[in-house]
Amino acid sequence: MPNFQILSSEQHSSTYVDESRLPTTFSNFHLVNVEIKEAVQASSEFPLFFSKVANQQRWTISALCGFAPKENVFETQGTWLARFTPLSLRTLPFTLNFEKDPEAPQTVLDIDSPAVSTTKGEALFLSSGRPTAYLDNKQKLLKERVTAMQQTAALLNDIAALNLIQPTDLIIEYSDNTQQRVGGLAMLNEQRLQNLTSEELSSLHKTGVLSVLFNILGSIFQINRTIHLHNTKFPSRFINNVKFETSKQ
Amino acid sequence: MNNSTNTSSKQLIVIVGGGTAGWLTAAIVAAKHKIAKGQCGLDITLVESSDIPTVGVGEGTWPTMRNTLKDIGLSEKEVFRKCSAAFKQGGKFVNWVNGDGDFYYHPFTVPLGYGRVEMAPYIDNVSEFANSTNFQQHVCEQNMAPRTLNEEEYSSAQSNYAYHLDAGAFADMLKTFCKEELGVTHKVATVEQVATSSKQCIESITLDDNSILEADLFVDCSGFRSMLLGEALGEPVVSANDTLFNNSALALHVPYNGDFEIKPYTQATAQEAGWIWDIGLSSRRGVGHVYSTDFTTDERAEELLRRYVGDDKGELTPRVIRFDSGYKKQIWKGNCIGVGLSAGFVEPLEATALMLIEISARYIAEQMPTPASAMPIISQRFNKQMQYRWQRIIDFLKLHYIFNQRSEPYWLANRDAASIPDSLKEDLEIWKYRGPQIADFSAAIELFPAASYQYVLYGMGFSPDFSLQSHFYTQRDLANKVIQQNQLITQQKLSSLPNHRNYIEQWLAS
């Protein structure tokens, strides 16, 4: 579990972040949040699904990076295999906490992250207590992510209103003939997409979402890459096939 | 030339005055003629009196200073360390139009599309010119540095920049470097007597230690007093007081308090009868009020200055500087050249003082050594160039004043046609229907490019009537593309450039 501390120049004047160890941090996420502005790039690496964000009734885009919690098969022995890294990972080991003041979120640091060190890596604060360029950049990324998340939420809301999001179960077939059903994900309803009226299509095109949707649709075939990477990392649980099944609502 | 006491074969240059002008001139000339460490192809002596304080408020430079420092051989990091330097990416002019919080920028980076497409005719609200065609205003408003920590010192690949620096510390740094690295002889003495040959050239100067110095070239860096060029050779000042009204300044050093930002630009905020400069160094701010005593009193000027810096209790003590605006026509007369305040002075609105020293010193460096027979020719050429430059500077400074819409007598008087030089009136007659263009500034000796005039004119809301030549303006698609591209570049800069103060601290710590 992450152990978050509110970031402060007093407390973290001799805390460092070793970026080379970040992939080890990534390895804890089997579903990685992707913002809509990143979706086209992300679709060249990961199979993209929709999922409801925990505790909140809103949709987000998730890259399927593994088939079980705490398994990210795009990480192996500390190396990150993807060429594109979503904002939700690049901002680590920091995150923003909105609980105290939704207008002015606090930056928090996961001090149990393997990338956090007291001896090596990037310093966070200068002797004057001002942030280093490294921390400055991270904070810019955190801000960028907040803006991107708001955009994602708004646009996915529109997409859901058009009934384009369809809950889907994954059925994972292992080589030992066992099966595992994974719920909680959703895909684009391709049929519905093909049958949109010209007005609906035009409104999606205007917000720039239409091309993103087709990329998300095509990204499903990246599941073969996730399967391949899974079989390399966990040969004892070799997967033969993954099926999609529209779940009953 | 009088060369009898010179035992070496080298030509002799004697610089009188050890302020920024003296030491910067010595450094530029000596570096150009450097043979080896501590050895110079010219024999350069700088004479400075120990008891004359320097004016030392010239704290803003032009981007030309980058190459000047590099050519002298200084490490940029050392300059930042020793002179509490900061980056300057342009000027921000606040309240110059209405006085209700309006502002515009004169950034150092040229507009996007410059030389490819004339952007102004395609911008609906021309006062948004700098914003639509340039990223630097946004970078300045966010207090960002002009480059990242990954870039080398002196790198201006991302954005063009100049410096804010502590002028006193800068002169000290140059002094040490001149003596240790460049072979300049330093003499601490007061000039007692100047002998001229019928006021046409300097025969010699006599110092208070009774030594007599002769030289192939005397450089007068004695400040406003102009001991050689003015007092001894009688070269008069051509006044520009009728055009530029300011004649006084109050200067303050303002400490930073608490958690502060260092502004990466010079801010000039218009006042009732003048304007206040605000220059961020890494250790403090330099703030001063330039005003005209014809339109306000010293007391009122001080009151406004204190109000600006929030010094209600009167804890800071301003230094008073009186000046006339003007320049000498013969800056190089006989074997004597004036550099710095002795050559001329105009208010520091566009930080021209140090830049003119750089230009003059570079000219000396390029022309010396010279046979006596050629000196009248090179001096005449220089005087012609400099006269043109002074006129252009005066025009450009005046340009900042004439499109104001303020109602105070000072600002009304500044709009009065009688105060506007004919040369500027002629330019404006043309710019009225097509705006300033690159071709208007093709001369090699021009100081301000068309871009500067565009930023200031359009920033003030001067909107040319492009209709007469409307058939020229068929590049709307390209112009729109440039505007879009500028938005993209702006976003990239904002997400990649570091905070200005943090950059300096981290850079200097490494």
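Leaving aside neighbours within four places in sequence, B:Ala27 is in contact with B:Ile72, B:Leu174, B:Phe177, B:Cys178 and B:Leu182; two residues are in contact if their C-beta atoms, placed from the backbone, lie within 7 Å. The model is predicted: local features need pLDDT of at least 70 and side-chain atom pairs count only at pLDDT 80 or more, while totals for chains, interfaces and linings use all residues. Residues are numbered from 1 along each chain as its sequence is written, and chains are lettered from A and ligands numbered from 1 in the order in which they are written.

B:Ala27 is also among the residues with the most contacts inside the largest nonpolar core, which has 144 residues. Another core, of 39 residues, lies apart from it and includes A:Ala115, A:Leu155, A:Ile159 and A:Val212. A nonpolar core is a set of buried Ala, Val, Leu, Ile, Met, Phe, Trp, Tyr and Cys residues joined through C-beta atoms within 7 Å. A residue is buried if 20 or more other C-beta atoms lie within 10 Å of its own, exposed if 12 or fewer, and partly exposed in between.

Where the chains meet, eleven residues of chain B are in contact with nine residues of chain A. Helix α15 (residues 500-509) of chain B gives the most to the chain B side, with six residues. Helices (H or I, at least four residues) and strands (E, at least two) are DSSP runs, numbered from the N terminus.

Two further helices of chain B may be described in turn. Helix α13 (residues 450-459) has ten of its ten residues buried, so it is largely enclosed by the rest of the structure. The cover over the buried residues of α13(B) includes β6 (90-94), β7 (103-107), α4 (129-133), α10 (375-399) and α12 (422-434) of chain B. For helix α8 (residues 298-309) of chain B, twelve residues at 1.5 Å each should span 16 Å, and the end C-alpha atoms are 17 Å apart, which agrees; the expected span is 1.5 Å times one less than the number of residues.

|---|---|---|
| α8(B) | B:Gly310 | positive, near 75° |
| α13(B) | B:Gly461 | positive, near 95° |

In chain A, six strands form an open antiparallel sheet in the order β3-β5-β4-β13-β12-β14. Its edge strands are β3 (31-34) and β14 (239-246), each pairing on one side only; two strands pair if DSSP finds at least two bridges between them. Strand β12 (residues 165-174) and β14(A) pair in the antiparallel sense over seven bridges, and A:Thr168 has A:Thr246 in β14(A) as its bridge partner. Packed on this sheet, helix α8 (residues 223-233) of chain A touches β5 (59-64) and β14, and its direction makes about 140° with that of β14(A). Axes are lines fitted to C-alpha atoms, for helices over the stretch in contact, and angles run from 0 to 180 degrees between N-to-C directions.

A three-stranded open sheet of chain A has the order β10-β2-β11, with antiparallel pairing. Two bridges join β2(A) to β10(A), and A:Tyr16 stands opposite A:Ser117 in β10(A).

The loop between β1 (4-6) and β2 (16-17) of chain A holds A:Leu7. With 21 C-beta neighbours inside 10 Å, A:Leu7 counts as buried.
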